[in-house]
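Biologist: I've got a new model open and I'd like to go through it with you. Can you put it up for both of us?

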Amino acid sequence: MAIHTKDSIRDRAFDDIYASTDLSVSMPKYKMSEGEHDPRHVYQVVHDELMLDGNSRQNLATFCQTWVEDESRRLMDECVDKNMIDKDEYPQTAEIESRCVHIIADLWNAPEAANTLGCSTTGSSEAAMLGGLALKWKWRKKMQAAGKPTDRPNLICGPVQICWHKFARYFDVELREIPLEGDRLIMSPEEVLKRVDENTIGVVPTMGVTFTCDYEPVKAVSDALDKLQKDTGLDIPIHVDGASGGFLAPFCAPEIEWDFRLPRVHSINASGHKFGLAPLGVGWIIWRDAASLPEELIFNVNYLGGNMPTFALNFSRPGGQVVAQYYNFLRLGKDGYRRIQTACYDTARYLADEIGKLGPFRILFDGDMKKGIPALSWTLKEDDNGKVNFTLYDLADRLRSRGWQVPAYSMPVNREDLVVQRILVRHGVSRDLASLLMDDIRRSLDYFEKHPVARPMSEEEAGGFRH
Ligand SMILES: *Cc1c(COP(=O)(O)O)cnc(C)c1O
């Protein structure tokens, strides 16, 4: 019997999925279908289409977690119906969030961990908006009290992640991004001081710069601002973007003073879903003390039952990510985090060594745990320009054919001429996986040798790279 003529429901229930009436024809894609479909069939259609996405474990561009323990998955599944905002309905989830805030504040050396304020967010981007808003409101109050104008706030930073450009545009703040110069690819205290004035709401150093992976010199900037205050009276707060470094430095470089040990650091954000090792969808922001977070920014909602203070851009959001973050804190402890992150640094250094030895590349960052995050970045050697017949975009494209995603991109203002390639070594990028990648990089260079690229690929042709 032809499949389309079966009409008994029982007959159809036994159909092979791919011989079914649903899958033997094309499913509607841009308009909702009139009727229903069998859940098994639809699952298979969606599942199959997702095969064409890149394999996340081979995505060496992302800072985010791509390895999830089974127990984490189970907790995520058990929390799929819990709304993080309903703190009265799900008091234990709220309690777990609060414990995480204390654990993180303590990790960042908050003077009195129990009195710090903080919350979970959807990631560092939302956390950055909240941190930036607190800086802006505090600055505005100070200016109003002094009878000064409040219409031209500015924020000083080095080469920042896109979220700070968003913050500046969405909330009307002038972003004074320090341009790069020669080999200086991060902020320096001198460059910060050149841009400070009484309209500066704060300075944002990054612990783990997106482009090169370095830590910016938080302490040196803080010291320079201390001196500025002594000389001029200007008191400029620091917010640290610790998206990656916030969950690395405490374990692998505890001697670096970048956190609340520096009195000038008012707030810090980090991505739980990056080196916090939680599944995608959680970030954190912590304020040093209640005085750093203007109370006007906190809303009290009573319609969920109880009176709950909230400070967030989102309202409803799933509870599982926060629960999984707490699971990681309990499961791993400081020792577990240190061992996982150290293994990542070791692999990053191995890759930097091997790639450096190949010849055409100059390593910009080699995965040194005292200087940045477990990652490496490199560029084509300047003096070899003209000797090699490929660009880093060509290499990225070639590696993509084996499933590896190793982005190439140009640097921000003043060094747009510098094209860089970068690898993030995350939990789950083992030494064996790294050596398989090395084999493919060597094979790619051989390939370019034998098949010179007639017209090397440009950034535009490569499709650009989203940071
Ligand atoms: C990833 C990143 C962000 C944005 O974080 P999300 O968690 O993706 O929103 C901000 N700043 C830096 C330095 C980052 O690495």
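Biologist: Thanks. Leaving aside its neighbours within four places in sequence, which residues is Leu-225 in contact with?

Modeller: This is a predicted model, to start with. In it, Leu-225 is in contact with Val-192, Leu-193, Val-196, Val-203, Ile-236, Ile-238 and Arg-264. Contact here means heavy atoms within 4.5 Å.

Biologist: And which residues touch the most other members of the largest nonpolar core?

Modeller: Those are Trp-108, Val-192, Val-203 and Leu-225, out of 54 residues in that core. Helix 10 gives the most to this core, seven residues. At least three core residues come from each of domain 2 (70-329) and domain 3 (341-462).

Biologist: How do you know that the buried residues of helix 6 line one face?

Modeller: Cys-163, Trp-164, Phe-167 and Ala-168 are the buried ones in helix 6. Down the axis, the buried residues of helix 6 fall within an arc of 140 degrees, so they line one face. On the other side, Arg-169 and Tyr-170 are exposed, with over 50% relative accessible area.

Biologist: What do those buried residues of helix 6 pack against?

Modeller: Several elements, including helix 5 (124-145), strand 2 (154-157) and strand 6.

Conventions:
Residues numbered from 1 in each chain as written. Predicted model: local features only at pLDDT ≥ 70, side-chain atom pairs only at ≥ 80, totals over all residues. Heavy atoms only, no water. Core = buried A, V, L, I, M, F, W, Y, C linked by side-chain atoms within 4.5 Å. Buried < 20%, exposed > 50% of the residue type's maximum accessible area, 1.4 Å probe, protein only. Helix = DSSP H or I, 4+ residues; strand = E, 2+ residues; numbered from the N terminus. Domains from an automatic or database assignment. Arc of directions from axis to C-beta.
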